[in-house]
Each structure stands twice: as C-alpha cells, then as structure tokens.
Amino acid sequence: MNTIFNRYRFTSKLMITYLLLTVIPISLLGYFSFVQYTRSIETQVGKYVPRILHQANANIDRALEEFIKLTDLIYSSREVMTALRTVSYPSQSEFLQDRFTVESFLSQTYLSGNYRDVLAVFIVSENRLFANSRLAYADFDFQNPVPYGRGFDLRDKFRIVLPDETNLRFEGDVPYLLIVRQIADFDNRRSLGTLFLAVTLGFMDDILQDIAEREAANLWVMNDDGRIVYHTDPEMIGTFYPDVYRFPIKSGSFKKTDGGGAELFSVSVSQLTGWTLVHQIPIKALTSLTDRTLNAVIVIFVLFVIVTGSISIFIAWNFTRPLNRLSRLMRDVQRGNFEVDFQIDSRDEVGMLAHRFNDMVKEIRNLIRENYQIELKQKEAELYALQFQINPHFMYNTLEAIAMSVEDGEKEKVVEMVTLLGRMLRFSLSNRRRTVTIAEEIRHAEDYLRIQKYRFEDALEYDIRSSIEADRYETPKFVLQPVLENGIKHGLEHRKRVRIEIDIVKLPEGPEHPGAIRFVIRDNGIGMSPEQLAQVRRKLQDLSFRRDSSFGLANVHSRIVLTYGKPFGLMIDSREGQGTETTIVIPILPHEGEQP
Amino acid sequence: MLLAALVCACGRQPDEPRYEIVYIDHSGPPVVEQNEPPAEASERPFKIALVSKISGIAYFNVAEEGAMEAARDLGVELVSTGPRVADARHQIEVVENLIRQGVDAIAIAANDPESLAPVMLKAREQGIEVITWDSDSVPEARTFFVSQVDAETLGRHLMDLLASHMNERGRYAIMTGSETALNLNEWIHWMEVQRSEYYPEMELVDMAANDEDPEKAYREALRLLDEHPDLEGLVGIASISPPALAKAVVDRGREGEVLVVGVSTPELMRPYIKSGVAPVITLWSPKKLGYLTVYLAKQLLEGRMPYDGQRIPEVGDIRYRNGVVIMGEPLDFTKENVDEYHF
C-alpha cells in the first residue's frame with residue numbers, strides 16, 4: 001500500500017485522500033440512508049394500509065349486511081307473503097292483482113329513496129316474476145336467472161352474483177351486484193321463491209374512494225378467482241386480475257418487483273364475502289417526496305463535490321506549484337546557475353523552505369565567489385612572488401661585486417659567488433612547486449646571505465638555527481628571502497654592521513592550536529618607529545598588492561593567509577633603534593617524498 | 001447489501017415478478033371459510049331426543065317434521081319419541097328409556113311440570129342436557145324452555161278473538177288438553193285475566209279436559225253442548241280440542257249458535273274454518289318450533305345459551321328472558337288465509 005501510494009504524485013495523493021475521506025463516505029451514507037428511509041416508508045405504509053383496508057372491508061361487509069337485512073323486509077308484509085304462497089290462480093286478473101300488490105310493495109320498500117344504492121329488485125316465485133327497477137334493464141332470464149346456480153339451496157344464507165354470471169344488463173351498463181336470497185316460508189317450512197336485489201357499487205365508491213385518494217393508487221375488490229367486483233377505475237370492473245394466485249399472503253402487505261418497477265400491495269379479505277380488497281401503489285408514488293429530496297441532495301452533493309474538489313485541487317496545486325518550481329530551480333542550481341531567486345510570499349512551511357533555499361543558494365554563491373577571488377589573489381601573489389624572487393637590484397649588486405672580485409683577482413670568491421647565484425636562480429626558476437622543504441628554503445636563504453656577506457664582508461653577520469628536521473617538513477617558497485632583504489636593507493642603511501638571526505622551531509599541537517612551524521627573523525638594525533610599524537602592519541592586513549618598500553613582507557603574508565587561512569601568516573614587531581623581529585607561522589606540512 | 005441484491009437478481013427469472021412480503025396482518029380476525037363444517041361433525045354427531053306430549057297426533061307429527069329438517073341441516077341424530085298416553089307416568093318411562101339409550105340432549109314437552117322433574121334431574125345428572133319445549137316443567141329441571149309463543153300474549157289474544165266473534169257477551173266453555181300441562185293452564189289463566197279486565201258480560205260456564213285423546217275430546221265436546229244449551233262459544237286449547245268441538249257442533253246441528261275458536265293446526269281445522277263453524281283458529285308453526293328446539297338443543301350442546309334477539313337461521317329472531325325462549329307471535333288462520341298453511 002505504502003509503496004503503491006508513494007508512487008503517485010502529491011496532487012493525486014491529495015485527490016485520492018479527498019475522495020476517500022469525503023466523497024465516498026458521504027455517498028455511502030446518502031445511499032444507505034435513502035435505502036433505509038425508503039424501506040421504512042414501505043414498512044410504515046405496509047402496516048398502515050392493511051388496517052385501513054381491514055376497516056374498509058368491515059364497512060363494506062356492514063353495507064352488504066344492510067342490503068341483506070333489507071331483503072328481510074319482505075317478511076313484514078302479510079299481503080306479499082300471501083301472494084307468494086298462492087300457487088295457482090283461477091283468473092288472470094287475480095294474478096295481476098297479486099303482482100300489483102307485490103310490485104308496489106317492492107317499489108315502496110326498496111326504491112322509495114331511502115336506499116339509493118338499490119337499483120332493482122326481482123322476486124322469482126313459481127314461474128312468476130315480480131320486478132321493480134330504477135333503470136331500464138334487459139335480459140333478465142327469470143326462469144334461469146343464474147346459469148350455474150340452478151338448483152342451489154341457499155336456505156337462510158345469501159349469495160352475491162356478479163354481473164358476468166348473469167345476462168342481466170342495466171341501462172348504461174351500470175356495474176352492479178346481485179344479492180340473492182331465498183324467500184323462506186318459515187311456517188310452512190318451504191321455499192317461496194328467490195329475491196334478487198340489484199345494488200350499484202356506489203356504496204363501495206363511498207367507502208373506497210376516500211382511501212384511494214392518490215391517483216397513483218389502485219383499489220379494487222376481487223373474488224377468489226380474480227374477478228374484479230369493484231375497481232376505482234370503472235373500466236376495470238368485471239375484468240380478471242390474473243395474478244391473484246401469486247399473492248403470497250391474504251392479509252397484509254407485500255412488494256411486487258418486476259421489470260416495470262416495484263409496487264406495494266396491501267390486501268385484506270372480507271369475512272362476509274371472502275373477497276379480497278387490494279390496494280396497489282407504485283413504490284415511486286410513495287417515495288416521490290423522498291425522490292425529490294434525493295434529487296435535491298444529489299444536486300447539492302454534486303455541487304459540494306465540485307466546490308470542495310476545486311478547493312482541494314486548488315490547495316494541492318497551491319501546495320505543489322512552489323514545490324515544482326523549487327524542484328526546477330534546484331535543477332538549475334544543479335546545472336551551475338546560482339543566479340536564482342525563489343520568490344514566494346507565503347509564510348507557511350513551503351515559504352520557509354523557499355527562504356532556506358534562497359539563503360542556501362546565496363551562501364553557496366558567496367562561498368564560490370570567495371573561493372574564486374582567493375584563488376585569483378593567490379595566483380596573482382604567486383605571480384608577483386615569481387616575478388620578484390630575484391630582485392634585479394640584488395642581481396645588479398651581486399654582479400658588480402663579482403666584477404670587482406674579478407678585477408681584484410679573487411678567483412675563489414668569484415667562483416663561489418657565481419655558484420651561489422646560479423643555485424639561487426635555479427631554485428627560483430626551475431622549481432615550479434609552491435612548496436619546498438624547509439631545508440631547501442633554508443639553503444636558499446643561506447645562499448642569499450652568503451652572497452650578501454661577500455658584498456658587505458664584516459658588516460653583515462648572520463646565524464641560522466633550526467631545531468627541526470628540515471627535510472621532513474615543507475614550507476611555502478620564498479618566505480624567508482623577502483624578510484632578509486628587508487632586514488639587510490634597513491640594517492645597513494644607517495649602520496655599518498648588522499646581525500641577522502634566524503630561528504626555526506616547531507610548535508607542538510596544543511588543545512586549541514593545530515600545531516605550527518615558526519620562523520623568527522631578528523635583526524639589530526635601526527628598527528621602526530611606532531608609526532612606521534603601524535603602517536607596515538596595516539599593509540599586512542590589506543591583501544592587495546602595491547609596489548613599495550614593504551611589498552615583499554605583504555606578499556609573504558598574503559600567500560600564507562590565502563593558502564592556509566588565519567592564524568597563519570607573518571607578524572612584525574619592531575623598536576626604534578633596537579631592531580626588528582619578524583615571525584612567520586605556517587602549518588606543519590610534512591614532506592611526502594620527492595615530487596615528480 | 002449489494003451482494004444480497006446480486007444474489008436476488010441472479011436467483012429469479014428475468015420475467016418472473018418477485019414478491020416480497022412487507023407485513024403480515026395478524027390483527028384482523030381469522031378468515032372464516034364459509035360453509036365450513038363444525039369440528040364436532042367429524043366426531044360422532046350429537047344425539048338429540050325430541051319428546052312430545054303424546055305420539056301420533058298431527059301437531060306433534062308436524063313438529064317432528066321441523067325437527068327432522070333441523071337435524072338434516074345441522075348434522076345431528078334425532079330421536080323423536082313420545083308416550084302413547086299423554087300423562088306424566090308414560091312420559092317418565094320414555095325419558096328413562098332415553099337415559100338408557102344414552103342421548104346427548106333431551107327436549108321434552110312436559111305433560112306435568114312437577115312429576116317429570118325427578119326424571120329430568122336424573123337425566124341431567126347423567127350429563128344429558130335437558131330442555132323443555134311446547135310445554136314447560138318446573139324451571140329447576142331444565143336449562144331453558146323453548147316456548148312457541150308468550151303465554152300471556154296467546155291467552156289474551158285467544159280471549160280477544162272469542163270476544164270479538166261473540167260481540168263481547170255471552171256464555172262459553174273451554175276444553176283443554178291436560179289439566180296438568182303447564183302451558184295450557186297458563187293460557188287459560190291469561191284468558192281469564194283478559195276476560196275479567198275487559199269483558200264483564202262474558203261468562204265461563206264449564207271446563208273439560210281431553211287428555212290429548214281425540215275420542216275423549218269428542219265425548220266431552222258433546223257433553224258440554226248437551227249440558228249447556230245456551231252456550232255461544234267454545235274455546236279449544238291443545239290442538240285436538242277445536243276439531244272435536246267443531247265436529248260436535250256440526251253433529252248436534254248447532255252451527256250458527258255456537259262458534260269455536262282455539263289453538264289447532266290449519267290442516268285439522270280447514271273444513272270448519274271454511275264453513276264458518278270456527279271463524280278463526282290460532283297457532284304457530286309447529287314445524288318451526290320443532291326446528292328451533294333442535295337448533296337450540298344443538299347450540300346448547302356446543303356450550304352456547306340462546307340470547308335475546310338471536311337470529312336463528314330458517315326461523316327468525318327469537319326472544320329470550322328468564323330461561324324462556326319465545327319463538328314468535330301467534331298466527332291466526334281464517335277463511336282468507338287458511339289455504340296458505342300446510343300443517
């Protein structure tokens with residue numbers, strides 16, 4: 001995981017993190033709460049509707065029972081019972097009179113307006129039909145009113161006949177129910193005939209229309225075979241509902257899911273008729289409010305994702321842009337361009353990083369510049385040193401001395417001077433190394449002093465004392481000669497005699513001192529006044545070069561300081577009239593065999 | 001969740017709608033299948049005995065028809081029996097016999113309220129449900145009494161019928177079925193109450209009992225006519241009395257002088273009603289009474305008592321008070337309607 005994660009760029013990581021932390025949890029949360037909410041609505045409705053249906057069924061049953069009770073009114077009329085008990089008539093007029101009696105009773109009792117749902121009432125008795133109807137009707141076959149119900153013995157029970165079981169049709173195809181009851185002669189224990197009470201479905205309308213308040217809901221009553229007795233859509237009355245056999249329960253609610261979407265069915269069975277009251281509503285209709293909320297939430301969510309996504313992209317970009325720039329600048333620096341500046345205003349971690357980077361680049365740039373200049377100065381100092389190793393003045397004087405000696409015939413003296421001079425020249429010209437062994441440096445200084453000794457004879461005395469193994473250590477070239485030149489020049493200018501002493505010691509390494517080799521050159525010349533000394537010391541501090549009397553000393557100092565740094569270098573101390581003491585301190589430079 | 005949805009999606013046919021139960025409503029009462037036979041029907045059917053006052057007379061034969069109809073409808077076994085002579089002694093024998101047979105319930109039309117009580121109590125001790133019908137016993141001996149009519153209603157009604165046809169004046173005699181039968185005596189009592197309240201100019205001159213014997217009834221009828229030449233009305237209580245009275249009136253040539261009213265069946269009285277000897281005869285449907293008795297006996301065996309206003313299939317609404325079931329109102333048979341009735 002870590003390695004996979006590390007492979008992505010920072011922006012991608014931020015985006016992935018953002019998705020993981022925000023988009024995915026919120027969408028999951030939203031999804032689950034929506035599903036849960038929908039489910040709870042289903043359950044609520046699924047519990048609530050069957051109770052209403054149950055109540056509605058009870059109301060329908062009660063209404064039907066009212067109709068059934070209505071049929072009992074026939075027993076209250078003695079005239080009607082008498083007419084029905086009469087089987088044969090001696091004359092047509094007596095039959096017509098009885099018919100008038102019965103039909104006017106039916107009209108007064110059932111169709112007088114109290115029972116507005118009663119459409120018609122028929123009594124079939126001994127091949128007689130007594131009928132009274134609100135609407136025109138047709139095809140009531142009273143000899144055989146119920147094709148398949150012939151011969152059934154209802155006794156005191158009732159039967160409800162649906163329009164499809166009989167040919168009876170009312171004007172305008174009004175849907176109806178036919179309540180069939182046998183008229184019993186309780187006293188004689190025999191059947192007097194059959195009463196058919198045709199009622200409209202208005203009573204069901206009254207009960208059920210309120211429940212089916214939503215247009216999306218369908219409400220119907222069907223019998224066991226799926227024949228629809230009543231439907232909120234009048235077109236459907238009388239048709240079949242084929243899926244009745246698939247209903248998993250008789251009372252309660254269930255969900256039907258097929259290609260067209262889910263529907264919630266609630267069913268309740270009537271106790272009186274056994275008919276099933278069905279309430280069907282698409283889940284969509286139930287959750288329409290939720291769906292609207294869901295759509296709003298989705299829109300808000302998308303906006304939220306866009307906004308927060310842009311913010312996170314912006315933050316990531318804001319974060320990575322300086323880093324990318326930094327990386328580009330670092331590549332520039334890597335390629336050698338130190339003239340870069342990382343401009344950033346922010347004060348956050350990236351801003352701090354930028355400042356550090358700027359400081360670092362500046363530091364590197366300064367160091368490079370310093371190194372470069374030091375190198376230049378060194379080269380320059382060495383060039384001058386090379387240029388002035390052999391002073392032309394000295395050369396001239398030496399050659400003059402040699403000429404004088406030739407004139408005087410002092411042959412050995414000439415030979416030696418020429419030898420010394422040659423060796424000096426070879427030392428200065430041939431050896432291109434910066435450092436030489438201390439022994440070589442000492443010999444060169446001695447060569448110089450001996451030549452001067454030939455010139456000034458007794459006016460010059462010198463002594464070189466070395467307490468170190470001069471072959472094992474090295475020193476920068478030409479450090480002693482300029483000091484000696486200076487001493488001789490100042491010593492012999494105003495006095496007849498001068499003595500020069502050279503002491504070379506090794507200073508051991510101390511806890512704070514890295515160890516050093518010290519050359520001390522003393523002369524007993526006229527020395528310097530404090531002003532002169534201060535001037536000379538100032539010149540030593542200034543590492544630039546000017547050709548004047550103290551140039552040689554400054555050159556020596558510069559070369560040592562530029563090469564080895566402080567505290568190495570040349571120091572000078574002097575008292576007027578007593579002489580000058582010059583100290584050269586160099587690091588310990590072990591000689592590592594002959595250089596090629 | 002997703003997995004479940006996938007499993008469901010895979011498990012069903014693409015075209016097959018899926019049904020998922022959301023809620024099952026157990027709160028509603030269980031759906032009762034119509035015409036479901038009661039649980040007892042699978043076991044041995046109830047054996048119900050219908051005991052009449054006397055066997056062989058039309059009234060009780062018709063009642064037996066109704067009882068048999070009920071036994072058919074209700075799926076019970078009916079034992080219809082009665083004594084040859086309408087007295088308590090013979091009826092006790094019949095009941096003893098039924099106890100030995102082992103019936104579940106006995107419905108008895110008691111000839112004597114007091115003397116039948118011991119054997120009825122004995123039957124109850126044996127675990128037999130005992131009710132009375134047509135004629136009651138003492139209340140301690142039975143669970144309830146199935147009465148055809150309210151005794152007061154019938155007694156007062158009979159008196160009114162007699163009075164209206166005698167123009168509320170004159171002498172009359174009563175012939176009853178048995179001097180001991182509780183129901184008959186109650187009717188006579190209420191007739192007398194009605195007479196004393198409303199008809200002071202009418203006078204009851206004699207009473208006779210026929211012991212439910214048609215021969216004796218005829219003899220007694222002749223005696224009443226012969227002993228009371230000024231008689232204007234005769235009341236026949238118990239179903240064999242009015243025909244005997246009417247026959248005697250016709251035989252003595254006293255039609256037009258003496259009129260007959262009373263309690264009898266239309267079949268027995270049809271000629272006399274049509275000829276005018278008996279202008280009106282009152283009764284109820286004995287068939288209906290037999291039916292109701294068996295129905296209530298079975299209901300009692302199932303552990304349910306009748307209640308006021310109960311609707312009995314094939315009978316109608318009944319009244320019930322103080323251990324007495326009242327079937328309905330009396331029917332009057334006249335020249336106009338007697339042909340409607342066939343019992």
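Reader: Hey, what's the bridge partner of A:Glu474 in strand 20 of chain A?
Author: That's A:Leu589. Keep in mind that this is a predicted model.

Reader: OK. How many bridges join strand 15 of chain A to strand 20 of chain A, and which way do they run?
Author: Two bridges link them, and the strands run antiparallel. Strand 15 of chain A covers residues 473-476.

Reader: What sheet are they part of, and in what order do the strands come?
Author: They belong to an open sheet of three strands in chain A, ordered 13-15-20, with antiparallel pairing. Strand 13 (435-437) and strand 20 (589-590) of chain A are the edge strands, each pairing on one side only.

Reader: Which helix packs on that sheet?
Author: Helix 11 of chain A, residues 438-456. This helix touches strand 13 and strand 15 of chain A, and its direction makes about 85° with that of strand 13 of chain A.

Reader: Switching topic: how many residues does each chain put into the contact between A and B?
Author: Chain B puts in 29 residues and chain A 32.

Reader: Which element of chain B gives the most to that side?
Author: Strand 1 of chain B, with seven residues. Strand 1 (18-24), helix 2 (58-74) and helix 10 (286-301) of chain B each supply at least two residues there.

Reader: Which strand of chain A is joined to strand 1 of chain B?
Author: Strand 10 of chain A, residues 252-258. Six bridges join the two strands, which run antiparallel. For instance, A:Phe254 has B:Ile21 as its bridge partner in strand 1 of chain B.

Reader: Now chain B alone. How do helix 5 and helix 6 of chain B pack?
Author: Helix 5 (residues 151-165) and helix 6 (residues 182-198) of chain B pack at about 55°, and their axes are 7 Å apart. Helix 5 and helix 6 of chain B are therefore oblique to each other.

Reader: Is that crossing left-handed or right-handed?
Author: The crossing of helix 5 and helix 6 of chain B is right-handed.

Reader: Which residues meet there?
Author: From helix 5 of chain B they include B:Leu154, B:Gly155 and B:Leu158, and from helix 6 of chain B they include B:Trp187, B:Trp190 and B:Met191. By class, the residues of this contact between helix 5 and helix 6 of chain B divide into eight nonpolar, four polar and five charged.

Note on methods. Residues are numbered from 1 along each chain as its sequence is written. Chains are lettered from A and ligands numbered from 1 in the order in which they are written. This is a predicted model: local features need pLDDT of at least 70, side-chain atom pairs count only at pLDDT 80 or more; totals for chains, interfaces and linings use all residues. Axes are lines fitted to C-alpha atoms, for helices over the stretch in contact, and angles run from 0 to 180 degrees between N-to-C directions. Helices (H or I, at least four residues) and strands (E, at least two) are DSSP runs, numbered from the N terminus. Angles under 35 degrees count as roughly parallel, over 145 as roughly antiparallel, 65 to 115 as roughly perpendicular and the rest as oblique. A crossing is left-handed if the near helix is turned anticlockwise from the far one by less than a right angle, and right-handed if clockwise. Two residues are in contact if their C-beta atoms, placed from the backbone, lie within 7 Å. Ala, Val, Leu, Ile, Met, Phe, Trp, Tyr, Cys and Pro count as nonpolar, Asp, Glu, Lys and Arg as charged, and the others, Gly among them, as polar. Two strands pair if DSSP finds at least two bridges between them.
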